[in-house]
Amino acid sequence: MTTSFDAAAVDAHVDDAVGRVRGAADLDALDALDAELAGRRSVLAAWHRALGGLDEDARRSLGRRLHEATRSIDAARAERRQVLGEAARRERLEADRLSLDELEDLVVAAPVERGHRHLITRTRDELEDVFVALGFTVAEGPEIETDWYNFEALNIPPGHPARTMHDTIYVDAGPAESVVLRTHTSPVQVRLMEAAVRDDDLPLHVVVPGRVYRRDTPDASHLVEFHQIEGLVVDEGITFADLAGTIQSFTAAYFGADIRARLRPSYFPFTEPSAEFDITCTICRGARCRTCGYTGWMELGGSGVVDPAVFTAVGIDPARWSGFAFGFGIDRCAFMRHQIADLRALTDNDVRFLRQF
Amino acid sequence: MRVPVSWLAAYTALPDDLDELVATLDDLGLVVEGVEQVGRGLDDVVVVRVERIDPIEGADRIRLATVHDGHQSVEVVCGAWNFDVGALVPLAPVGAVLPDGTAIARRTMRGVTSNGMLCSGRELGLGEDHEGLLVLEPADGVVPGRPLLAALGIVPDTVLDIAIEGNRPDAWCVEGIARDLAARARAPFHPVVPAPPAAGPTRADQLVAVEIVDPDLCGRFTATVLEGVTVEPSPEWVQRRLERCGMRPINNVVDASNYVMLELGQPTHAYDRDRLAGAALRVRRAAPGEDLALLDGTVVELAQGAVVLGDTGEDLVICDGDDTPIGLAGIMGGASTEIDGTTTTVVLEAAWFDPMAVARSAKRHRLRTEASARFERGCDPMACDRAAARVVELLAETSPSLRVAAGLVDARGTLPVPAVLTVDAAGLAARLGVTLELEEVARLLSAIGFVVRAREGALEVTAPTARPDVRPAPFGLADVAEEVARLYGYAALPTRVPSWPAPGAMAPVVSARRSVREALVGLGALEAWTATMVGEGDAELLGDEAERVRVTNPVAQDEPVLRSSLLPGLLGALRRNVERRQGDVALFEVGTTFAHHAVAPVPRLERGGSHGTELVKVPSEDERVALLLARPGDGAHTAVVSWRALREALRLADVRLDVGRGAPPHGVHPTRFATLVDAASTAVVGVVGEVDPSVAARAVPGLDPARRLGWLDVSLGVLVDPELTRRLSEVAVVPSRFPTSDVDLALVVDESIGVHEVKAVLRAAAGELCESVACFDAYRGAGIPDGAKSLALRVRLGAPDRTLSEAALGEARAAMIDAAATRLRATLR
């Protein structure tokens with residue numbers, strides 16, 4: 001070693017080393033400096049080894065100095081590496097630069113492969129088409145809702161027992177549990193009725209498809225994020241008979257003429273009377289099988305005659321207008337029609353699945 | 001609710017056929033979710049005594065038991081270890097079929113032959129225990145050779161699991177279900193009529209004082225005092241029914257209370273009077289700072305304030321004579337007055353609490369009990385007397401010295417008033433679509449407890465106190481209509497397919513979305529569906545530090561964020577396919593992204609808060625269309641071409657590619673992107689380009705580093721908003737029947753000048769002769785000054801009524817060059 005080992009020498013070494021690091025022109029130069037300044041053969045390493053031969057006072061003071069020197073040089077190296085790395089990335093990106101406006105008129109060969117809609121999209125489109133043919137208009141609404149739209153305006157005030165069935169996912173906004181990821185598409189009913197009242201635009205014949213959320217444990221037959229389609233009719237002279245007829249028409253149109261629907265009494269706070277509807281099992285066509293629990297029927301959705309309290313809450317006169325509503329799972333329709341054993345395949349996005357539809 | 005059919009049959013005649021019973025219940029809205037056979041398929045199972053137990057050579061988990069079945073000894077291999085020689089156990093002999101369908105055959109294991117099976121409780125459908133054999137207690141009749149059912153006194157039964165809807169608290173008991181069945185079948189209904197207790201000499205109100213301090217939350221509080229109680233096991237038949245309903249027998253007092261709740265739907269609570277300070281019960285709101293040790297050992301802090309919307313933070317408690325809380329009203333009793341083996345005097349509470357008060361406390365303290373669930377939905381306030389009398393009747397069976405103090409201590413608060421409604425045939429027809437005879441309506445409603453009076457072509461009906469769901473007029477008419485329809489049978493009601501003059505249609509966004517999908521599918525892309533709820537890592541991957549939209553109670557703890565971009569989800573989908581060696585793919589998604597209100601340029605305000613009376617700031621939503629191109633050869637070029645297809649599909653008039661302005665969105669390649677901007681509105685439609693290679697490398701580890709990922713991400717909302725993006729005119733352009741000519745120009749312009757600017761200048765200069773302008777090449781390098789570029793453009797010129805002459809073409813060419821020179825300082829290369 002040519003340099004003598006004392007405090008001044010250490011300081012001088014640090015100044016020199018930091019200066020050289022800062023002056024490194026590129027990552028290659030820095031790599032070379034790393035080996036020289038930080039490796040086992042560096043001056044610092046040699047001094048560290050020499051510490052052992054010093055008396056205790058000198059060892060302590062020089063040891064501390066050496067430690068600080070190492071830290072200073074390391075910091076300078078890291079900082080320089082960051083700067084040079086960014087510069088290298090900038091350089092790479094710059095070399096990559098492309099003015100995309102020059103490509104707009106590019107002539108390219110057409111793709112040889114056809115793409116595919118997602119199965120859920122396809123199912124949703126088919127359902128929409130059936131309802132459009134029945135005279136419904138397809139409308140939509142937001143996925144984040146306030147408690148008011150998702151529950152209270154639908155006759156489900158806070159504390160209502162029906163809430164416990166909803167497994168609600170709350171969004172951090174406003175007071176606790178006041179903003180939710182919608183648990184059903186029904187809040188859109190309220191929005192559409194409010195808009196119809198505002199614009200004096202009744203009657204209303206709409207279906208509302210969309211994504212909904214329930215805090216359920218995901219498994220082969222449950223998804224946390226899934227899709228529903230909701231129907232609402234508000235018109236004069238609408239009765240339970242119209243609901244039953246509409247469900248039957250839709251069932252035959254979507255699942256086939258041999259599939260029938262039946263209504264069973266149920267409870268939804270926003271309809272009265274309320275009904276669940278089942279359809280003939282699509283697997284056994286009603287012959288009773290394992291899938292339908294040997295009943296010949298499969299549960300599809302809920303429905304009912306709109307509760308007059310819901311009308312009153314949005315400013316529709318229940319003495320003049322009446323209506324019905326229904327809703328069911330889009331994913332469930334796909335599941336039933338295509339006999340999907342595990343619903344998680346729908347969100348796995350494996351191209352071998354996506355290409356089938 | 002689990003309901004044994006044998007119990008149901010005590011109140012009304014049932015159909016013989018089980019399928020018919022189940023179908024009838026379903027049709028009444030009492031959905032049967034499960035049917036369980038108890039004690040069936042056990043005809044061949046007999047009681048045996050274990051004579052010896054021998055090890056089996058080479059086996060350490062099974063043993064050979066020799067059992068005696070009353071006639072002979074039988075050798076059976078057995079894997080259970082919970083019995084010794086002399087034990088009485090059940091044997092399913094060879095040939096028996098167990099309730100779960102297992103057929104018992106002779107089997108040989110490790111050289112020994114097993115002649116049947118010794119059974120656990122679960123294997124016999126007699127319990128959940130599967131730890132070992134069902135070891136029988138020695139008792140009269142439990143002798144080897146006797147059929148197991150006879151030995152245990154078990155009558156085979158069917159237990160139905162029935163789902164009770166939230167508006168049917170009256171049906172949440174065996175009697176209530178039977179009432180519906182009787183009404184449907186027009187069969188006689190025999191409700192429970194407890195014998196009036198033989199009153200002792202002391203008056204109840206001398207033994208316990210009751211006070212309702214807060215009458216708004218407690219409508220009724222009755223107390224019955226029973227002296228001379230002996231606490232011991234319930235009669236066998238009570239225990240059996242409780243078990244079949246899924247409840248564990250405890251002692252005669254607790255069991256009687258539970259039994260009556262299952263039977264009549266009215267919860268009751270028993271206090272040990274000797275532990276009841278001051279021999280008094282007071283019902284009041286809890287004060288902040290009070291706490292209460294409950295029966296289950298937990299201590300709840302009371303009245304700690306509201307946590308969520310709609311909660312008042314109140315708790316209703318039962319207090320003793322010292323005003324110390326000893327029970328959380330309608331939910332759970334306290335530990336201090338619990339019944340135990342020493343109890344001799346019982347104060348029995350049968351009360352009615354405000355459903356919301358019970359619901360609030362149960363939710364806040366996370367204490368949902370059989371009692372609270374019933375009070376929440378609304379019990380029958382008039383059922384208290386009958387329930388208390390029935391408990392006394394049951395207790396008398398096992399407590400011969402029982403004395404009941406005279407009189408029911410009956411304190412009243414505010415009770416709901418049963419709705420009185422005028423029902424007419426026309427009103428019902430307006431809801432149900434069928435005109436029913438009023439006599440029929442009266443019969444149906446009377447059968448389920450409505451009081452019906454005929455009144456001038458209509459019926460005046462009074463709802464039973466057990467039906468709090470029936471509201472006053474006008475809404476209550478809908479509730480009555482539902483009851484009529486339910487009992488009449490939905491299937492018997494007419495159907496009609498409605499029609500109206502307005503044709504069906506799709507909202508603009510729906511048809512636009514379809515066009516977008518069609519275009520992308522046409523380009524060979526596959527549609528993906530990725531999750532809305534994602535991890536923190538997604539935003540970190542993109543280097544997006546904006547405030548995130550979070551979920552309070554995420555389903556997966558590591559996915560608490562609502563996505564702000566579709567890019568991480570699609571990269572995740574690509575990664576999974578790359579891992580499966582199928583990553584040469586184009587994926588697209590149409591989905592909602594979310595932005596925190598602090599980030600949104602204009603915060604979204606929605607009606608919300610308590611009762612919808614406030615405007616609240618909620619996260620904004622933006623539905624995006626995103627396309628990730630990962631096939632060989634993909635990149636910015638194919639992304640731009642894909643955008644062109646989308647633009648054409650939506651007939652957008654003038655959305656241009658804006659290059660070199662501003663920073664790219666998070667995760668996008670900084671030097672290979674263009675912002676899509678509507679020329680007229682200057683609204684930003686989205687971005688086209690490539691994924692930042694460092695982001696791609698981190699998100700898709702298996703990706704070939706040389707593979708470029710094309711990226712297109714546009715806002716569907718902006719694309720369909722006529723204020724923000726203009727569409728092409730509907731007027732068709734009929735191409736000229738005369739030949740057209742192309743003029744090619746190579747113009748050198750400054751880098752800062754965009755292609756669209758050059759095109760606009762040329763188009764303007766050529767005037768109405770210009771049919772189209774296309775940029776077909778760009779060049780930088782030798783011969784072109786630094787900071788400039790050479791653009792090759794092809795201008796197609798023509799006229800509707802003539803072939804353009806050479807002179808006209810030359811003139812147009814000169815005009816274009818001149819305009820480019822003066823307006824863009826362009827030079828011809």
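In which sense do strand 13 and strand 22 of chain B pair, and over how many bridges? The views below show a predicted model, in which local features need pLDDT of at least 70, side-chain atom pairs count only at pLDDT 80 or more, and totals for chains, interfaces and linings use all residues. Residues are numbered from 1 along each chain as its sequence is written, with chains lettered from A and ligands numbered from 1 in the order in which they are written.

**View 1. Strand 22 of chain B and its partners.** Strand 13 (residues 218-227) pairs with strand 22 in the antiparallel sense, over two bridges. B:Leu226 bridges to B:Val404. Strand 11 (residues 199-203) pairs with strand 22 (residues 403-406) in the parallel sense, also over two bridges. Here B:Arg203 has B:Ala406 as its bridge partner. Strands are DSSP runs of E, at least two residues, numbered from the N terminus; pairing needs at least two DSSP bridges.

**View 2. Helix 1 against helix 4 in chain A.** Helix 1 (residues 7-23) and helix 4 (residues 56-95) pack at about 5 degrees, axes 9 Å apart. Helices are DSSP runs of H or I, at least four residues. Axes are lines fitted to C-alpha atoms over the stretch in contact, with angles from 0 to 180 degrees between N-to-C directions. The two helices are therefore roughly parallel (under 35 degrees). Residues in contact (C-beta atoms, placed from the backbone, within 7 Å) include A:Val14 and A:Val18 of helix 1, and A:Leu66 and A:Ile73 of helix 4.

How values were computed. Angles under 35 degrees count as roughly parallel, over 145 as roughly antiparallel, 65 to 115 as roughly perpendicular and the rest as oblique. Two residues are in contact if their C-beta atoms, placed from the backbone, lie within 7 Å.
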